[in-house]
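Please open the model in a viewer and keep the selection panel at hand.

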Amino acid sequence: MVVAVKEMSTELQEITSSFNKSSLACRGSQGRGLLEAVENENQIRREYSSASDIQHSLEDLKLGARGDLTKLRPGRRFQLTLCGGSHFSCRAVVLDAKENSGPFVYHCGVFIVPKTRAHEWLFSSEEGQWMVVESSKAARLVMVLLDASHVSASMDDIQKELSPLVKQLAPGKDDNGAQIPFMMASDGIKQRDIVHQVTSSITGPIIVEDVIYETDNGDISRILPSRDLTFRRLVFQRSEGLVQSEALLSEEGSKYKIVGQSEKKKTNSSSKSKKRGIQRRSDETSHQLKVYHGYLASSYHTGIISGLMLISSYLESMASTQKSVKTVVIGLGAGLLPMFLHKCMPFMHIEAVELDPIVIKLAKEYFGFIEDDHLQVHIADGIQYLRKAVHFAAEDEKSAVRGNEDGHCNSDPPSSNGSHLAFHVEGQGISKVDIVIIDVDSADSSSGMTCPAADFVDESFLRTVKDALTEKGLFIINLVSRSQDIKDTVISRMKMVFSHLFCLQLEEDVNEVIFALPSASCIKEDGFAKATLQLEKLLKLEHPEISQSIIDATKKIRHLK
């Protein structure tokens with residue numbers, strides 16, 4: 001017998017039962033079906049009650065979708081869309097402080113997160129949001145996450161739109177008319193100048209901007225003293241305003257010929273060189289500043305370099321015998337990582353692969369990227385590029401075994417932009433590569449990954465990478481996802497292909513740098529200190545102090561397999 005009781009409730013309750021499960025199991029399919037139906041229903045109710053990804057409206061909430069909002073319920077958390085007049089709309093998260101979190105200063109508070117910081121762990125993860133609630137001293141916190149549609153709106157306008165909306169979310173009527181305070185996470189930027197904007201058919205809207213941060217930039221501020229350090233950023237709008245690259249601008253950068261011979265001229269010259277975009281800025285002091293390629297402003301770029309410690313012994317042996325370390329970087333961005341490697345590790349031969357010619361143009365015009373005999377860029381699909389390279393390397397190896405009548409290998413096949421495929425170095429023919437770095441963003445937000453695109457962590461491509469690498473090679477991938485399940489899936493897949501995996505989790509960031517080794521043997525963790533010293537000696541830095549952040553990062557690398 002099943003007894004159903006219907007009652008008026010604003011909360012979804014699970015169905016309770018007093019079935020004797022062992023008895024039902026032996027009474028045929030009807031009993032088991034009933035038991036399964038009850039459990040399935042309860043599972044749906046549990047998922048709905050705990051789901052944090054359901055986006056409610058104010059109308060839903062007024063109808064009791066998340067219970068009685070006039071009452072505080074410790075630990076309650078849900079998401080909603082706030083819609084006001086003038087087409088105003090934004091995402092928000094409502095959090096009722098957890099048990100024993102008081103005393104509270106405010107019965108309800110609003111915390112505004114600017115677009116530039118909405119992706120940070122503190123504001124995007126549930127754990128981080130609870131930390132914000134605790135520090136806000138509010139019994140209920142409405143966290144508002146701004147997006148690109150709010151960039152041009154003033155904070156006064158935003159607050160004016162939000163005020164009548166959040167009042168409907170305030171708990172009870174025992175607050176004695178207390179005002180709801182508005183708090184805000186600073187975007188950390190004191191000054192922002194748009195240098196250039198363009199829309200690419202491949203990447204979408206792209207912005208080049210110069211920014212000055214509010215806070216001190218640590219070691220670099222002491223090494224390159226300046227009243228305000230200026231950073232140039234490449235921003236891809238399609239990925240929640242992803243800052244794809246960030247470079248330090250300095251007077252020291254102007255010492256180097258980073259754009260062309262015309263850069264040797266004075267900044268007040270009438271030269272129509274490639275620095276025209278910089279000259280269009282209203283800030284006259286910026287004319288004297290250029291990208292400094294001896295410093296990596298992005299923490300994940302520093303993390304990528306730190307991972308070279310895993311093969312520093314091999315790198316040292318190659319450098320000491322004047323052999324080139326063949327490196328492929330898939331995803332050019334502003335070209336800052338290839339330029340740093342080229343400048344600070346001159347024994348490398350670097351092939352960068354970029355799908356979007358607009359991005360290459362921006363890298364050259366606004367970030368000082370240049371090509372030479374040891375650094376080239378190819379306009380190509382990174383996956384196809386590497387697969388073709390592996391194919392031709394295999395064919396080259398077969399030809400070497402068979403031997404050609406004239407004693408030479410076949411002519412090199414061209415890549416998609418007419419230049420030769422990677423790995424043709426110092427007359428050695430097409431051979432395997434020592435380092436492969438994947439640094440690309442994803443155009444598909446449904447994959448759950450901001451970086452890289454899902455195809456770059458597909459098992460078939462991972463096997464292509466392994467086939468491309470030398471025995472002592474290294475594969476590096478920048479992984480950005482807020483989902484731990486997705487990260488675990490990627491790592492599990494990589495473990496199936498590579499012999500050893502290491503990872504570096506960047507603090508207060510969603511970036512995780514994964515390092516994979518194809519060889520059966522690898523460096524032991526007790527050898528990290530010696531390997532770090534080897535790496536430090538290999539880095540030809542103009543300011544050796546800059547290497548400290550790289551050394552610090554090596555200490556956080558851990559072995560996964």
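The stops below cover a sheet, a helix, a strand residue and a loop residue.

This is a predicted model, in which local features need pLDDT of at least 70 and side-chain atom pairs count only at pLDDT 80 or more, while totals for chains, interfaces and linings use all residues. Residues are numbered from 1 along each chain as its sequence is written, and side-chain values use heavy atoms, with hydrogens and water left out.

Select the eight strands that form an open sheet of mixed pairing, in the order 14-13-12-15-16-18-17-19. Its edge strands, each pairing on one side only, are strand 14 (375-379) and strand 19 (558-559). Strands are DSSP E runs of at least two residues and helices are H or I runs of at least four, both numbered from the N terminus; pairing requires at least two DSSP bridges between two strands.

Next, select 325-330 and 433-438: strands 12 and 15 pair in the parallel sense over four bridges. Here V328 stands opposite V436 of strand 15.

**T470.** Select T470 in strand 16. T470 is buried, with a relative accessible area of 17% (buried is under 20%, exposed over 50%, partly exposed in between; 1.4 Å probe, protein chains only). Beyond its neighbours within four places in sequence, T470 is in contact (heavy atoms within 4.5 Å) with Y314, K432, V433, D434 and P518.

**S521.** Finally, select S521, in the loop between strand 18 (511-517) and helix 16 (528-538). S521 is exposed, at 55% relative accessible area.
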